[in-house]
Amino acid sequence: MDGHSAQAACEEDREWSAQDAVGLLDLSDEILLCILHHLPACDLLLNVANVCHKLRTLCYDKTLLSDVCLSQHYSANDMMVVRALDKLSNHVQSLSLNGCYWLSCSTLKHLSRCRGVTQLDVTGCRLTTVRLSHLLSSLSLLRCLAFDVTSGFSSAQLSSEAVETLGRLSELRQTLLTPSYGVVPYCTKLRKLMLQFDISDVTREGVGVSCQLMVGQSSVPHYQQLEGFTARLAPGEVNQTLLLLYLAVFSVHIPERLRVFLVSIPGPYPLRAEGDLEALQLPRTWLNFSSLKMALEGNSPRHLSFSRCPGMWPQVFQSLLEGGVVDSGQLTCLNLSGINQVWTDCRNIEDQLLASTMSRLTIACSNLKHLNLMHTHYHHENVPGLNDNTHLCSSLANLKNLHSLTLPACALSDGVQTNNSNTTSPSSLLLGLKKSPRVGLQSYKPDLGQSSAVDSTSGLAQLTAGCPSIETLEIIGPGFVSVLPRLEPCTRSSVEPRGMCAWARGVGDAHIAALEGLKRLSCLTLAGLPGILKGTGLVQMAKQCKSLKVLSLANIGVVKTMNYTSALLETLRLSTQLQELRLEQPYLNANSAFFEALSCCSLLRRLCLISRSGTFDPSAAETFMERCQHVVMCHLFMGGTLVGCRTLQKTLMERFSGERPALSVVIYPLHHEDLPSVIRDIPLTLLDTVTLFQSHVAQPPHLSPY
């Protein structure tokens with residue numbers, strides 16, 4: 001073909017392509033609605049709807065505007081939200097502003113225009129009692145409400161119209177920041193009550209908080225029609241005392257329809273074997289088999305939590321495997337955190353999770369989607385000649401529908417091949433230290449070398465191959481405790497006094513690299529893993545897990561120095577989809593090289609750095625904030641002077657808060673005596689999801705952060 005013929009053919013192809021090209025507006029309405037469904041409501045109504053008549057019609061489709069969530073729409077300032085609410089007022093039925101901490105109280109008054117709203121969530125918003133009363137008076141169709149009870153709350157300021165609206169509520173979620181019944185006494189038709197207690201034992205002035213509530217005609221909760229009761233507590237005596245007051249009514253009257261009961265501290269036993277139990281979390285005082293059997297008999301629950309109930313695991317497995325529940329296949333969420341924890345200096349093989357028992361559990365509960373085994377122990381002995389040598393991870397591979405999983409670090413190791421014929425003889429746990437031996441455990445030998453770690457990932461490989469749907473994975477060392485422990489006392493009670501489990505020290509870079517088989521992995525937490533040497537496994541994982549959006553690393557490698565800096569920087573460069581990073585590591589040097597690598601995460605929204613004796617470069621941090629324009633949370637708790645921290649915090653807020661209305665910048669010395677009061681001022685939604693370390697797997701329904 002000559003040059004003229006080729007040119008003519010190319011021109012003909014271009015004409016053909018131009019004639020047959022399909023534009024966005026050529027797509028069907030159904031496809032366009034699916035695309036528009038992924039856009040925030042403010043963008044739909046304020047931008048897309050102004051493009052053309054067709055898009056305007058689609059943007060006001062009831063499938064897009066009947067259920068609206070403005071949470072995490074960090075670019076929406078007060079003016080945008082007010083304009084959006086004006087356009088939504090005649091369409092929206094379910095509206096969530098959960099975690100919109102940056103909106104002013106005057107903006108929230110415009111919610112009263114949405115008179116058709118039946119579900120409203122303003123948790124984390126700045127809402128006074130007077131403003132709440134005005135909203136309730138205007139929203140007569142409201143049936144579900146979620147809000148915060150702050151220190152200025154006074155039920156006496158609620159109008160009679162507001163009280164009437166509360167009397168029609170069927171679902172209520174209260175976040176209690178001060179001792180109060182909130183609006184519960186007025187909600188006479190409640191079916192679901194969800195409580196989150198987050199009250200400090202002392203005020204900012206150091207005065208103890210009193211929890212004496214007036215119990216009278218106007219302050220007694222009504223639970224006659226209650227079907228679900230959920231309570232989540234931060235540590236503290238005030239929170240526990242207040243919860244007991246909420247539970248006191250159960251001693252007088254037990255709701256006949258109650259089928260969801262989730263509490264985490266001692267309380268009365270309100271459940272009956274009605275055959276309709278859906279969710280259950282037992283207090284620690286229910287440590288007898290008869291109570292457990294009574295609660296589960298004749299039921300097929302979907303959510304069970306035995307977190308922080310040490311010593312109950314034989315009874316739990318017996319109930320799940322030997323007919324204690326009607327249908328274990330209905331179970332989708334199971335929390336066994338710390339269930340086999342012991343308190344002695346010696347641990348027998350019976351005190352560990354058994355792979356054979358877990359294998360039976362995974363077969364019986366084959367539809368599990370969320371499983372939490374944090375603070376448990378499993379020590380696989382790779383001894384030739386054993387008939388039953390199935391690895392725990394191999395058993396978990398039977399859970400084909402598993403979406404989220406929390407494992408103790410020691411469960412990843414395959415054990416070490418040994419030629420010693422006397423495998424059960426006692427030996428020193430750590431060379432050079434006098435410790436009581438653990439019966440049935442192999443000795444930990446510091447000089448095993450990297451080759452042993454490379455050969456000990458077969459069990460983990462079976463897990464990644466058998467559970468390809470895992471999106472959230474948490475691997476936590478049994479002895480790990482965060483240095484920001486506001487929610488940690490319950491966790492501390494589950495941590496062994498001796499510290500890190502020796503088996504967890506055998507988990508190294510090869511195990512992290514093996515996670516590359518989880519192609520759908522979006523949230524990864526690694527904490528308390530001293531066996532990681534250079535962090536090369538992180539790099540290998542980041543190369544294959546392209547969908548990683550949330551990364552939390554804490555105490556990786558030895559804590560006396562940070563030995564995986566190079567690998568961390570390369571991991572950040574590869575994690576282009578990362579939206580949240582929490583890094584808790586002693587001696588972290590957040591210099592220009594660190595922030596330059598972090599700048600490759602162009603979609604990053606939330607950043608939290610916690611480091612004892614750590615340092616940061618103020619100019620590099622400012623440059624990073626300039627490059628990553630989506631960052632709305634920057635929390636640094638490291639070393640440095642108070643003046644230096646405050647200077648950088650003020651600089652970042654003054655420079656970027658105008659274009660980022662939701663910007664939260666907190667920079668403070670980690671070991672400063674006023675740090676607790678500083679943490680108290682951080683929006684609760686950011687504390688629960690990022691700043692404070694906690695597990696997010698198999699948490700109580702309705703109150704889960706994700």
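Leu 25 sits in the loop that joins α1 (3–20) to α2 (29–36); helices (H or I, at least four residues) and strands (E, at least two) are DSSP runs, numbered from the N terminus. The model is predicted, so local features need pLDDT of at least 70 and side-chain atom pairs count only at pLDDT 80 or more, while totals for chains, interfaces and linings use all residues. Residues are numbered from 1 along each chain as its sequence is written, and side-chain values use heavy atoms, with hydrogens and water left out.

Because its relative accessible area is 38%, Leu 25 is partly exposed; buried means under 20%, exposed over 50%, and partly exposed in between (1.4 Å probe, protein chains only).

His 403 also lies in a loop, here between α14 (392–396) and β13 (404–408). His 403 counts as partly exposed because its relative accessibility is 30%. Not counting residues up to four places away in sequence, His 403 touches Lys 369, His 370, Ser 469, Ile 470, Glu 471 and Thr 472, where contact means heavy atoms within 4.5 Å. One of these, Glu 471, is 68 residues from His 403 along the chain, yet their C-alpha atoms are separated by 5.4 Å.

The largest nonpolar core has 97 residues, and Phe 229 and Tyr 246 have the most contacts inside it. A nonpolar core is a set of buried Ala, Val, Leu, Ile, Met, Phe, Trp, Tyr and Cys residues joined through side-chain atoms within 4.5 Å. Apart from this core lies another, of 94 residues, including Leu 412, Leu 460, Phe 594 and Met 625.
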